[in-house]
There are 2 protein chains.
Amino acid sequence: MSGKITSATRIMGIDPGTAAVGFGVVDKLDGDSFRYVNSGIIQTPKHLDAPKRLAMIRQDMNVLLEDFKPDTVAVEAIFFFKNAKTLVQVAQARGVILEVCAASGYATAEYTPMQVKMCLTGFGRAEKSFVQNTVAALLNLNQIIKPDDASDALAIAVCHARMSVTALASKGC
Amino acid sequence: MSGKITSATRIMGIDPGTAAVGFGVVDKLDGDSFRYVNSGIIQTPKHLDAPKRLAMIRQDMNVLLEDFKPDTVAVEAIFFFKNAKTLVQVAQARGVILEVCAASGYATAEYTPMQVKMCLTGFGRAEKSFVQNTVAALLNLNQIIKPDDASDALAIAVCHARMSVTALASKGC
């Protein structure tokens with residue numbers, strides 16, 4: 001975690017996945033208020049091999065970083081997967097995401113799914129639909145964001161905004 | 001696996017790890033003979049955070065690819081780790097390695113540690129020291145290569161050379 005949270009700090013949340021990488025961009029305003037900026041997913045063709053798909057993810061991440069210029073990129077930590085193969089695939093994508101952030105000079109932070117749920121709803125095992133509704137409410141949106149990966153990425157961004165404020169507050173900032 | 005094996009096909013083996021990424025470059029000559037070209041490790045400072053270390057791995061991989069221009073890069077597959085955290089770290093490095101190969105137009109192949117041992121020694125659970133001695137013998141070196149990660153990377157490169165020939169032979173090439 002890094003950076004001073006002032007009005008309109010921009011945070012990009014990233015949810016690395018195998019089928020799609022979710023992204024969500026949020027501006028942190030004063031107090032506990034946020035502005036929705038953009039969200040979506042990076043998808044790569046299934047018929048391509050892993051190295052080519054990873055290269056496409058890096059290219060698209062570069063475009064997103066240049067377009068939105070976030071102050072911090074908050075990336076979901078890999079916590080647990082039943083399937084070791086899926087774990088490896090997601091971690092490979094996550095490696096590329098962290099690398100391109102560092103190579104372009106963007107600060108990164110990471111949160112587990114449980115931290116994100118706890119931060120947004122007060123309950124680390126909250127239902128997915130409840131988290132999605134909370135994200136929409138916090139961002140003053142009339143409906144939940146689709147697809148799920150994009151909503152998850154926005155949740156990570158909001159989590160970082162709140163956690164950073166908490167961290168600064170605990171330091172007396 | 002791809003490419004036609006002719007004399008002096010160049011293969012770069014990569015052994016992704018947390019402390020170091022091993023590399024080994026081998027020229028495949030006619031028959032079952034090989035020429036040692038170079039080997040070593042990419043090391044990144046432990047005090048740096050993961051994104052910066054991944055960015056350094058990508059930079060160094062780029063230099064190696066430009067210096068040695070391999071026909072194929074053979075990367076060790078992630079097979080099994082007792083520790084999930086280690087698994088994620090290695091997979092993140094592996095993702096960056098596969099990505100930079102694809103982004104630079106290099107073909108990649110992958111082999112599990114068991115495939116490599118089987119290919120070099122005929123026994124998938126051969127002792128590490130025996131594999132290292134076999135690598136040295138196949139490359140006409142007077143002593144085993146150090147550090148271990150570099151020797152492992154050379155083993156992966158030799159494995160790819162042999163496996164490719166086998167694949168071509170089975171197709172009647």
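In this predicted model, 21 residues of chain A are in contact with 21 residues of chain B. Two residues count as in contact if their C-beta atoms, placed from the backbone, lie within 7 Å. Helices α1 (50-68) and α2 (84-103) of chain A each supply at least two residues of the side that touches chain B. The largest share of that side, 13 residues, comes from α2(A). By class, the side of chain A that touches chain B has 14 nonpolar, 3 polar and 4 charged residues. Here Ala, Val, Leu, Ile, Met, Phe, Trp, Tyr, Cys and Pro count as nonpolar, Asp, Glu, Lys and Arg as charged, and the others, Gly among them, as polar.

A word on conventions. Residues are numbered from 1 along each chain as its sequence is written, while chains are lettered from A and ligands numbered from 1 in the order in which they are written. As the model is predicted, local features need pLDDT of at least 70 and side-chain atom pairs count only at pLDDT 80 or more, whereas totals for chains, interfaces and linings use all residues.

Next, the helix pair between the chains. α2(A) and helix α2 (residues 84-103) of chain B pack at an angle of about 65°, with their axes 7 Å apart. Axes are lines fitted to C-alpha atoms, for helices over the stretch in contact, and angles run from 0 to 180 degrees between N-to-C directions. The crossing of α2(A) and α2(B) is right-handed. That word applies if the near helix is turned clockwise from the far one by less than a right angle, and left-handed if anticlockwise. Residues of α2(A) in this contact include A:Leu87, A:Ala91, A:Gln92 and A:Leu98. From α2(B), B:Leu87, B:Ala91, B:Gln92 and B:Leu98 are among them. The contact of α2(A) with α2(B) has 12 nonpolar, 4 polar and 4 charged residues.

What does one chain look like? Chain A has 5 helices and 5 strands. Along the sequence, its pattern is β-β-β-α-β-α-β-α-α-α. Helices (H or I, at least four residues) and strands (E, at least two) are DSSP runs, numbered from the N terminus. Buried residues make up 46% of the 173 residues in chain A. Buried means 20 or more other C-beta atoms within 10 Å of the residue's own, exposed means 12 or fewer, and partly exposed lies in between.

Two details in chain B remain. Helix α3 (residues 113-121) and helix α4 (residues 128-138) of chain B pack at an angle of about 55°, with their axes 10 Å apart. That makes α3(B) oblique to α4(B). Angles under 35 degrees count as roughly parallel, over 145 as roughly antiparallel, 65 to 115 as roughly perpendicular and the rest as oblique. The crossing of α3(B) and α4(B) is left-handed. B:Lys117, B:Leu120 and B:Thr121 in α3(B) meet B:Phe130, B:Val131, B:Thr134 and B:Val135 in α4(B).

B:His47 sits in the loop between β3 (34-43) and α1 (50-68) of chain B. B:His47 is exposed, with 7 other C-beta atoms within 10 Å.
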